[in-house]
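Here are a few notes to read alongside the model. Have a look at it first, then go through the points in order.

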Amino acid sequence: DDEDDDVHDPSTTSMKNAVRLVISSAAEGRAWLSFERDFMRYRLAGATLELQSCSSRWAGDVTAIAALCLQEQQAAEFEEILPGLGIASDFALLADPVAVGDSVMSRHGGLLVIFLAIVSARTGAVHFPLHSAEQMAIGGHTGEGLAAALLAAVQRHPAGWSIPHLRRRLSCIGGDGGLVLGGPVARHRSSGAAEKTWLQVHPSAKADITAAAAAAGTDHAVVGPAAMEHAGADPAPTEDAVVGPAATEHAPMCTTWDPFHRVDIAMWRAIRANDGVLAIFEMSKQVDYWFGMSEGVHILKAVASQS
């Protein structure tokens with residue numbers, strides 16, 4: 001058996017031990033210097049470890065290969081067939097551009113972080129695995145730029161979801177107000193990247209929006225599956241036609257606000273309507289500006305230590 005053979009093969013045992021140390025260091029977010037110290041501690045304690053594996057460059061190579069293997073395994077899990085249904089799970093894309101750094105004022109570039117909401121074929125529960133976190137291009141925060149980056153990241157992943165594949169399985173695109181317009185009731189500025197991405201996957205939704213907007217006499221409108229133009233019977237199936245909920249004519253633009261954002265918007269609207277409460281929040285912002293950064297932090301700590 002392979003495990004017994006490994007016991008008598010010091011090189012294989014050393015490689016396995018070193019790889020385990022590298023992956024544990026990476027998973028805990030530790031520096032490679034920490035890996036090298038652990039390596040020597042384990043070696044002094046009698047673990048089978050060969051010195052040629054004790055380098056930050058080797059550790060970086062192992063991490064890169066491990067990440068590729070994990071992505072391949074993840075892609076296989078995304079395609080697992082759900083028992084009882086005989087099909088792979090539909091999924092939602094949840095995206096957000098994130099600045100790199102430890103401050104909201106970071107200017108070190110940005111990552112487009114993408115999660116999925118997908119049903120696990122093993123547990124039967126919805127879970128939210130990290131899909132990817134790719135570096136964003138300069139000037140990529142526009143609606144068109146974010147939509148292009150989102151689709152490109154989805155297609156570059158080992159799962160390789162093309163537009164026809166997304167048309168069959170993509171059920172929702174989620175994000176904050178910076179990505180989602182929010183429908184006709186929205187009062188915020190937004191890139192509309194979620195809607196632009198949806199329209200690239202389901203081009204026929206544009207006609208639904210235009211028709212609904214014309215009927216409502218507004219610039220834009222949100223229509224749902226219960227809209228009148230979707231009340232008819234499904235078209236007669238053909239050999240290669242897609243009918244049912246996955247068909248393009250059944251993919252209108254439907255926008256909903258989650259409870260958190262609805263409550264947040266209502267709260268701030270109430271605060272702005274009360275001058276006294278608004279003044280307290282403005283004072284809090286000013287105090288945070290004075291004593292929450294730079295020399296102000298030291299002044300605040302010095303005063304607090306004397307009280």
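1. Helices α9 and α10 are roughly perpendicular to each other, a label used for angles of 65 to 115 degrees. Their angle is about 105 degrees, and the axes lie 6 Å apart; α9 covers residues 259-272 and α10 covers 275-291. Axes here are lines fitted to C-alpha atoms over the stretch in contact, with angles from 0 to 180 degrees between N-to-C directions.

2. Where do α9 and α10 meet? W268, I271 and R272 from α9 touch V277, L278 and F281 from α10, contact being heavy atoms within 4.5 Å. By class, that makes five nonpolar, no polar and one charged residues.

3. A word on the source: this is a predicted model, where local features need pLDDT of at least 70 and side-chain atom pairs pLDDT 80 or more, while totals for chains, interfaces and linings use all residues. Numbering starts from 1 along each chain as its sequence is written, and side-chain values use heavy atoms, leaving out hydrogens and water.

4. Now α2, residues 10-27: S14, A18, L21, V22 and S25 are buried there (under 20% relative accessible area, 1.4 Å probe, protein chains only; exposed is over 50%). They cover an arc of only 100 degrees around the axis, so they sit on the same side of α2; the arc is taken from the directions from the helix axis to the C-beta atoms. This buried set packs against α3 and α4, while the face turned away carries exposed R20 and A27.

5. Finally, H131 is in strand β4 and counts as buried because its relative accessibility is 2%. Its contacts include F78, F115 and W161.

Methods: Helices (H or I, at least four residues) and strands (E, at least two) are DSSP runs, numbered from the N terminus. Angles under 35 degrees count as roughly parallel, over 145 as roughly antiparallel, 65 to 115 as roughly perpendicular and the rest as oblique. Ala, Val, Leu, Ile, Met, Phe, Trp, Tyr, Cys and Pro count as nonpolar, Asp, Glu, Lys and Arg as charged, and the others, Gly among them, as polar. Lists of a residue's contacts leave out its neighbours within four places in sequence.
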